[in-house]
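Take a walk through this structure, one region at a time. Keep the view open as you read.

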Amino acid sequence: MKYLMHYLQTDMQKVILMGILAALMIGLSIASPNFLSITNFTNVLLKVAIIVIIASAANLLMITGNFDLSVGAVLAFSGILHAYMSKHGVPVELSILITLIVAMAWGGVNALTVSVLGINPVIATVGTLFIARGFAFLIARWDGGANIMMGLPRDFVDFGRDPVFGLVPLAIVVMVAAVAIFIFIEKRTALGRKAYAIGANLKSAKLSGINTVGIVALLYVLVGLFAGLSGVLQTSRVGLASPTVGKGLEFDVIVAIILGGTSMLGGVGSTFGMVLGALVVGFTANGMVLLGIPFYYQTIAYGVILIGTLLLSQKFGTRAKA
Amino acid sequence: MKKLLTMAVVATGLTVAPALAEDKIVLGKIPYTLEHSYHQSIVEIFADHAEKYYGAETIVVDGQANSDTTLTAVENMISQGVDAIALHSPDIGMTATAVAKAHAAGIPITTTLIYPESKNAPHIAPQEALSSHRMGVVATEQWIAANPDKPVKVAILDFGGFEQVVALRTAPFVAGVKSIAPNAEVVAQQNGFGNTVKSMEIMLDILQANPDVNIIFGANDDMALGALAAAEQLGRGQMDNGVPLTEVIAGVDGGENAMIKIFDPSSSFKLTHGQVRDNARAEVDTMVAMVRGELPMDSWMEIPTLSQEIDYWNTSLAGAQRFLQENFSFDGSLEELLSN
């Protein structure tokens, strides 16, 4: 019964999000003649791609009742490291491989501190955030400036800009792949089932013989990997690596996850819901710029949408419980 | 070693007080944010000039583009007992508070770009408005000469509401545009957060809503580079050997990344302006003059510096190379970088 209620709550959240998304699309199609176009939808998908790629892994982590605030800093560090190596003679493919391994190592640090040593995830991952961001600045300084742009090889930028099969930007392909992988993990694998079990009741999960430390540690490493991959993609696409990118990204990721119905306490949530949450945020931002709404109002609108959506879902969730 | 120590303090943001030499002038420098190459360069030139000409020591604390952090930095400098403070702060109200606190402690303070609303301290005033206006004029002339049948539509990326960014950069730029094309229209003005990635994302939306935008102004080079990346993603961002095809983009600061694009004949980022060296030197000279009693510390005085305008059409490559060497300690060859 408890799982049924959880299921209804999550599903209701998705229905609400789909309704909001549909309302947004209809409203923006009427209000802006430039909204309904392939170019605009590509822009929105590119904008949410980085959030969705990271959130795919971070969502399953949050389902276990944990979260990672270092993703923006790991993204910035990875972008800078990749650019630095590529600029200084490391072949782009090898540079990407090394960057992803190092990004997983950042995830490993979080795994060690949170999962093994039992430090509170807020404290532990904020610590990683500062260290990774600091190293990103240092690497930029070693290169001699505030960021790395000059001297990057042509194939560095091509990697992020050339569409796959001449049609779809790589970031969107990776986003779809990440979502598909995590929906599969969530629905069809022992890892997914164990993640829900850990989030629903940690003690029961341990007593059931689930390697809770190992599962949470693995998810932290996966979040690091996806943050690193996002850093490589973003840096290549923009053609510039800056240690300042990704500031606040951790909140964008958490907002998408929570909007999608994942509980911060764990045990409830879905990848599909997170994607809907990210799309609501992405289309809202897109629509406000298309309509020429000044920045100040945009900031207020984000807060209103976040709280409004959560209130709606809470209301319907309570009804479902009754 | 001294530079290394300075950078260590800078990188960590710590406010560790070094032993202040009694016979040496100690200058406190609070840059707006050390995340930008402009402010990194100004700190280096400041420290070099202070040591070379006055034998003075420099302590740097990053303002982190935040009013609270900047005011705390000022308070730290006061408690350390520095001989004078140079402040580039985010807002005029906080600057007035900082100036009052420094004066109450008997410490001379000078401000740069953002002046205190109380106007009671010497102020380094880069003449940015002139150069911003000039960029608006040149960008519009070039666009109209190449595309006389396409009305001028302007998009602006700013920092989201700094009064003096409006006064020194965006408003004069638009005035420059309108002096050539009185019917020019500003169709979009959004916050680019001073950041390339954010600016790219926002400019993609702006160009989607207003595909006829043909003049873009980023209130710093990072935002202009983001606008260029957005334009390139949409198949724009191009010029035919310096002749505008899709749009003309202008920025502010004049760093290496911007200069490479400006002197690339096929890129649509074509104008910038900036001044690092003279601002840093003016700060140091003014501070030492106040310490020595040659200038009153509590009187308003503007010390103007030229913010040099640089554009593809009117600035030589040698001139741009010299600008980078003087202002950004650039030791490479712009020509070589462009040929790669």
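Where is the place of A:Val173? It is in helix α7 of chain A, which covers residues 170-188. Bear in mind that this is a predicted model. A:Val173 has a relative accessibility of 33%. Buried means under 20% and exposed means over 50%, so A:Val173 counts as partly exposed. Leaving aside residues up to four places away in sequence, A:Val173 touches A:Val164 and A:Val168. A:Leu46 is 127 residues from A:Val173 in sequence. In space, the two are 10.0 Å apart, C-alpha to C-alpha.

Now turn to the interface. Here 32 residues of chain A are in contact with 35 residues of chain B. The two chains bury about 2900 Å² between them. Carbon and sulfur atoms hold 54% of that area. The rule also finds 12 residue pairs in polar contact across the interface of chain A and chain B. Which helices of chain A each supply at least two residues of the side that touches chain B? They are α2 (38-63), α5 (121-143), α10 (212-238), α12 (271-290) and α13 (295-321). The largest share comes from α2(A), with five residues. By type, the side of chain A that touches chain B divides into 15 nonpolar, 12 polar and five charged residues.

Charge pairs come next. Side chains of opposite charge can pair when their charged atoms come close. Over all chains, the count comes to 13 salt bridges. Between chain A and chain B the count is three. One of them joins A:Lys247 and B:Glu35, at 2.3 Å from N to O. A:Arg141 and B:Glu44 also meet in a salt bridge, at 3.0 Å. This pair crosses between chains, from helix α5 of chain A to helix α2 of chain B. How do its two ends sit? A:Arg141 has a relative accessible area of 26%, so this residue is partly exposed. B:Glu44 is at 18%, so this residue counts as buried.

Chain B has salt bridges of its own. B:Arg236 and B:Glu247 meet at 2.9 Å, N to O. B:Arg236 lies in the loop between α8 (221-233) and β9 (239-240) of chain B, and B:Glu247 in the loop between β10 (243-244) and β11 (248-250), so the pair ties together parts that are 11 residues apart in sequence. Are these two residues buried or exposed? B:Arg236 is buried, with a relative accessible area of 13%. B:Glu247 is buried too, at 0%.

Another salt bridge joins B:Asp278 and B:Arg277, at 3.0 Å from N to O. B:Asp278 is partly exposed at 26%, and B:Arg277 is partly exposed at 21%. These two residues and B:Glu326 are linked in a network of salt bridges.

Finish with helix α10 of chain B, residues 277-291. This helix has 15 residues and reaches 21 Å from its first C-alpha to its last, close to the 21 Å expected. Its buried residues include B:Ala280, B:Val284, B:Met287 and B:Val288. What do the buried residues of α10(B) pack against? Their partners in chain B are β1 (26-30), α2 (37-54), β3 (84-87), β4 (109-112), β5 (122-126) and β13 (301-305). After α10(B) comes B:Gly293, whose phi is positive, near 80°.

Terms used:
Residues are numbered from 1 along each chain as its sequence is written. Chains are lettered from A and ligands numbered from 1 in the order in which they are written. This is a predicted model: local features need pLDDT of at least 70, side-chain atom pairs count only at pLDDT 80 or more; totals for chains, interfaces and linings use all residues. Side-chain values use heavy atoms; hydrogens and water are left out. Contact means heavy atoms within 4.5 Å. Buried area is the accessible area (1.4 Å probe) that two parts lose on being put together, summed over both. A salt bridge is a side-chain nitrogen of Lys or Arg within 4 Å of a carboxyl oxygen of Asp or Glu. A polar contact is a pair of N or O atoms within 3.5 Å; within protein, one must be able to donate a hydrogen and the other to accept it, and residues adjacent in sequence count only if both atoms are side-chain atoms. Helices (H or I, at least four residues) and strands (E, at least two) are DSSP runs, numbered from the N terminus. Ala, Val, Leu, Ile, Met, Phe, Trp, Tyr, Cys and Pro count as nonpolar, Asp, Glu, Lys and Arg as charged, and the others, Gly among them, as polar. The expected span of a helix is 1.5 Å times one less than its number of residues. Buried means under 20% relative accessible area, exposed over 50%, partly exposed in between (1.4 Å probe, protein chains only).
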